[in-house]
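Please review the following briefing alongside the sequence and the model. The points are grouped by topic.

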Amino acid sequence: MIRRELPELGPIFYLDTWPIGPQMLVVASTQGLYQITQEHSLPKHPGLKHFLNPIAEGLDLVTMEGDLWKKWRGIFNPGFSSNYLMSLVGGIVEETEQFCKNLESLAQDHVLFRMKDLTDNLTMDVIGRIVMNVQLNSQAHNNPLVNGLRSQVKWLTFGADINPFARYNPVRPFVHWYNSRRMNSYISQAIESRFSELNAREGNTERGSKSIIDLVLTSYLSDRSPKTFASMDPTFKRFTMNQIKLFLFSGHDTTSSTVCYIFYVLATNPDILKRVRDEHDSVFGLDPQEASDLITAGPYLLNRLPYTIAVIKEVLRLYPAVSGTRIGEPGFDVVDDTGQQFPTHNFLVWDIGHAIQRSPAYWPRHDDFLPERWMVSPEDALYPTKAAYRPFSQGPRNCIGQELAMIEMKVILVLAARRFNVTLGYEAVDQMKQNKGITTVYGERGYQVERAQPQADLPCYAEMVNASKSAL
């Protein structure tokens with residue numbers, strides 16, 4: 001918004017948010033972002049650790065630094081590799097089928113619903129399945145871990161609330177304590193169960209592992225002498241539990257919002273929806289009901305969907321789910337394209353993907369949804385500038401879960417796009433006077449609000465498509 005209203009500021013500028021928040025250096029140029037994330041990776045801002053502390057106790061891959069971060073990133077990297085995740089696609093398919101059943105029920109009743117509610121539950125179940133080998137079933141029932149996490153999220157704060165009663169609410173520490181106990185109890189039991197089963201397995205090999213935590217525990221067991229097998233090291237267990245809570249929070253919330261925007265784009269662009277469906281017909285056959293079995297048997301079919309992948313990438317470009325906050329250092333300046341220096345010391349340095357991914361300096365037709373830009377040759381004017389595409393950040397601190405997110409979104413699209421027509425329900429919400437806030441932002445009805453979610457959680461209607469063939 002600042003770029004649109006005050007273009008003369010350029011892609012790097014200072015922003016003073018006193019008395020609400022800290023002084024910032026906003027960085028939205030490829031050269032500037034390279035300097036703070038790759039050439040010299042600035043530490044994460046303390047406010048981020050404050051925000052995530054009730055989730056992960058400050059022991060998480062987002063806010064860890066130095067050798068500790070390298071150690072734990074190395075422990076979890078193998079589980080998030082594309083090849084390993086492909087072996088777990090069957091679980092993603094099963095959870096997505098439950099999502100489709102819920103959509104079908106809503107379609108039959110022809111009721112208004114909030115898509116974000118459905119996608120939150122879906123992505124939470126996927127993370128539980130893939131990370132812990134646990135079926136949370138939050139799409140069908142209440143789950144104590146999910147309930148605890150959601151309550152915890154509602155009480156999170158960066159400490160910059162305008163309302164002092166919200167910023168210094170005396171109830172918050174007690175709520176965080178209670179929710180932490182609930183989450184830790186559930187995850188502890190899940191880890192101990194997997195540890196006991198894997199410990200009893202001869203050879204402690206990775207063969208047959210069914211989740212990321214299986215892979216982590218198998219590696220842990222293989223590095224220990226038999227005398228230490230009776231119990232898990234408490235420090236290892238504590239760190240592992242906190243990574244799981246981080247994955248549940250950040251992995252489900254960001255992917256859920258992106259899936260919402262995929263449905264938003266398809267609902268408002270019938271020509272794009274038709275091309276997606278045609279591609280799915282060509283790869284999986286004309287019967288959408290057969291796609292689940294085909295994906296489970298041959299997960300690499302998901303890589304034969306160039307247009308579908310282009311749609312996902314374009315959604316991630318226009319509606320990125322995250323940005324990054326770093327803390328400046330003495331003597332370190334960001335230098336712009338003209339050579340001007342911007343000292344970072346004592347500033348929150350904001351790595352803002354949304355601005356750079358909609359910048360006309362890097363993207364022709366920057367506000368248009370054009371999946372084709374991801375399918376053209378390098379000499380084409382639409383060809384993306386790699387350094388300007390940052391939905392998962394870049395450099396050593398990029399998102400560990402990006403492969404899982406991409407696989408998950410491809411599965412959801414393949415299983416749902418040909419079975420349902422989704423239409424937006426904003427007009428119905430307006431008529432019921434349930435819509436709070438601004439109606440549109442720069443002509444966008446589903447504009448992004450807090451934590452990059454679609455406004456009003458994307459109200460929708462769904463209807464079934466004839467299962468025997470793809471139809472608009």
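**Charges over rings**

Arg-317 is placed over the face of Trp-363, 5.0 Å from the ring centre. A charge is taken to sit over a ring if NZ of Lys or CZ of Arg is within 6 Å of the ring centre and within 35 degrees of the ring normal. A further case is Arg-358, which lies over the face of Tyr-319 at 5.4 Å from the ring centre.

The model is predicted: local features need pLDDT of at least 70, side-chain atom pairs count only at pLDDT 80 or more, and totals for chains, interfaces and linings use all residues. Residues are numbered from 1 along each chain as its sequence is written, and side-chain values use heavy atoms, with hydrogens and water left out.

**Aromatic pairs**

- Rings of Phe, Tyr and Trp (its six-membered ring) pair if their centres lie within 6.5 Å; planes under 30 degrees apart count as stacked, over 60 as edge-to-face and the rest as tilted.
- By this rule there are 17 aromatic pairs.
- Tyr-14 and Phe-347 make a tilted pair, with 4.7 Å centre to centre and 45 degrees between the planes.
- Tyr-14 belongs to strand β1 (residues 12-16) and Phe-347 to the loop between β6 (341-343) and β7, so this pair ties together parts that are 333 residues apart in sequence. Helices (H or I, at least four residues) and strands (E, at least two) are DSSP runs, numbered from the N terminus.
- Tyr-14 is partly exposed at a relative accessible area of 36%, whereas Phe-347 is buried at 19%. Here buried means under 20% relative accessible area, exposed over 50%, and partly exposed in between (1.4 Å probe, protein chains only).
- Phe-51 and Phe-158 form a stacked pair, 4.2 Å centre to centre with 5 degrees between the planes.
- Since Phe-51 lies in helix α3 (residues 46-56) and Phe-158 in the loop between α8 (144-154) and α9 (164-167), the pair ties together parts that are 107 residues apart in sequence.
- Phe-51 is buried, with 11% relative accessibility, and Phe-158 is partly exposed, with 48%.
- A cluster linked by ring pairs consists of Trp-72, Phe-76, Phe-80, Phe-195, Tyr-220, Phe-236, Phe-239 and Phe-247.

**Strand pairing**

- Two strands pair if DSSP finds at least two bridges between them.
- Strand β7 (residues 348-351) runs parallel to strand β2 (residues 23-27), and four bridges join them. Within this pairing, Val-27 has Asp-351 as its bridge partner in β7.
- Strand β4 (residues 324-327) is antiparallel to β7, again with four bridges; the partner of Thr-325 in β7 is Trp-350.
- An open sheet of three strands has the order β3-β9-β8, with antiparallel pairing. Its edge strands, β3 (113-114) and β8 (420-424), each pair on one side only.
- Two bridges join β3 and β9 in the antiparallel sense, and Phe-113 has Cys-460 as its bridge partner in β9.

- A nonpolar core is a set of buried Ala, Val, Leu, Ile, Met, Phe, Trp, Tyr and Cys residues joined through side-chain atoms within 4.5 Å.
- The largest such core has 128 residues, and those with the most contacts inside it are Phe-99, Met-115, Met-132, Ile-212 and Leu-248. Helix α12 (residues 234-268) gives the most to this core, with 16 residues.
- A second, separate core has five residues, including Val-26, Ala-28, Ile-352 and Ala-355.
- Not counting residues up to four places away in sequence, the contacts of Met-115 include Phe-99, Cys-260, Asp-457 and Cys-460; contact means heavy atoms within 4.5 Å.
- Helix α7 (residues 115-132) has 18 residues and spans 25 Å from its first C-alpha to its last, close to the expected 26 Å. The expected span is 1.5 Å times one less than the number of residues.
- In α7, 17 of the 18 residues are buried, so the helix is largely enclosed by the rest of the structure.

**Backbone geometry**

- Most residues other than glycine have a negative phi, and most peptide bonds are trans.
- The peptide bond from Trp-18 to Pro-19 is cis, with omega near 5 degrees; Pro-19 lies in the loop between β1 and β2.
- Glu-57 has a positive phi near 60 degrees and is located in the loop between α3 and α4 (66-76). Glu-57 is partly exposed at 29% relative accessible area.
- Asp-457 also has a positive phi, of about 60 degrees, in the loop between α18 (426-431) and β9 (459-464). The relative accessible area of Asp-457 is 27%, which makes it partly exposed.
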